Amino acid sequence: MENVARSPKPKPSNLKTICAAILGSVVFILLISSNFLYTKWEERHDIAFDKELWNQGRKEKIYSATALSIDAPRIKMYRSLIDQGLLISKTKQEITELLGEPENFPFRSPWDFNYWLGLQRGMMKMDSAWLGIRFDAGGRAVETKLLQD
């Protein structure tokens, strides 16, 4: 008879640790995936920019039902502002006439104008989303970006 070297059976405590690590990884991946899918679902309900509706979502109305709800208007309109090019090459005055006074946060450098959009997209709405606008030396918008705090 041949002597076949067999690897020792894992101890029960090691097996529990391995199973817990695998289960934790699966749960983590499921949470991340579901948040991603939920965010994509929310984006399917974006709307075209509407100046009057935009102004209903101002930051001073942060505790209003409109600003905090899943139907917060600004978070649903920012993509239309960017995609339609409504901001690029506009002056600060033109943007202020269109969007109102910016709600600037001092930590938002190099973004010259910041507009509060509402709570971030996704299942766990802990942070705020902001539309950041950067201007060139001539005072014209050259870049826009979605920011989160």
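Is Arg79 buried, exposed or partly exposed, and at what relative accessibility? Arg79 counts as partly exposed, because its relative accessibility is 30%. The close-up views below come from a predicted model.

**Figure 1. A salt bridge joins Arg79 and Asp46.** The side chains of these two residues meet with a nitrogen-to-oxygen distance of 3.4 Å. Arg79 belongs to helix H4 (residues 73–83), whereas Asp46 sits in the loop between H1 and helix H2 (51–55). The pair therefore links distant parts of the chain, 33 residues apart. Asp46 counts as partly exposed, because its relative accessibility is 23%. In general, side chains of opposite charge can pair when their charged atoms come close.

**Figure 2. Glu103 and Arg74 form a salt bridge.** The closest N and O atoms of this pair are 3.2 Å apart.

**Figure 3. Arg134 pairs with Glu143 in a salt bridge.** Here the side chains meet at 3.0 Å, from N to O. Arg134 is partly exposed, with a relative accessible area of 30%. Glu143 is likewise partly exposed, with a relative accessible area of 30%. The structure holds four salt bridges, among them the pair shown in this view.

**Figure 4. Helix H4 is mostly covered.** Of the eleven residues in H4, eight are buried. Which residues of H4 are buried? They are Pro73, Arg74, Ile75, Lys76, Met77, Tyr78, Ser80 and Leu81. Arg79, which also belongs to H4, counts as partly exposed at 30% relative accessibility. After H4 comes Gly85, which has a positive phi near 65°.

**Figure 5. Four residues form a nonpolar patch on the surface.** The patch consists of Ile18, Ile22, Val26 and Leu30. Together, these residues have about 370 Å² of accessible area. One of them, Ile18, is found in helix H1 (residues 12–43). Ile18 counts as partly exposed, because its relative accessibility is 46%. In general, an α-helix has 3.6 residues a turn, so residues three or four places apart point the same way.

Methods: Residues are numbered from 1 along each chain as its sequence is written. This is a predicted model: local features need pLDDT of at least 70, side-chain atom pairs count only at pLDDT 80 or more; totals for chains, interfaces and linings use all residues. Side-chain values use heavy atoms; hydrogens and water are left out. Patches are made of residues with over 30% relative accessible area and no salt bridge: like charges are joined within 9 Å, nonpolar side chains (Val, Leu, Ile, Met, Phe, Trp, Tyr) within 5 Å. Accessible areas come from the Shrake-Rupley method with a 1.4 Å probe; for residues, only the protein chains shown count as cover. Helices (H or I, at least four residues) and strands (E, at least two) are DSSP runs, numbered from the N terminus. Buried means under 20% relative accessible area, exposed over 50%, partly exposed in between (1.4 Å probe, protein chains only).
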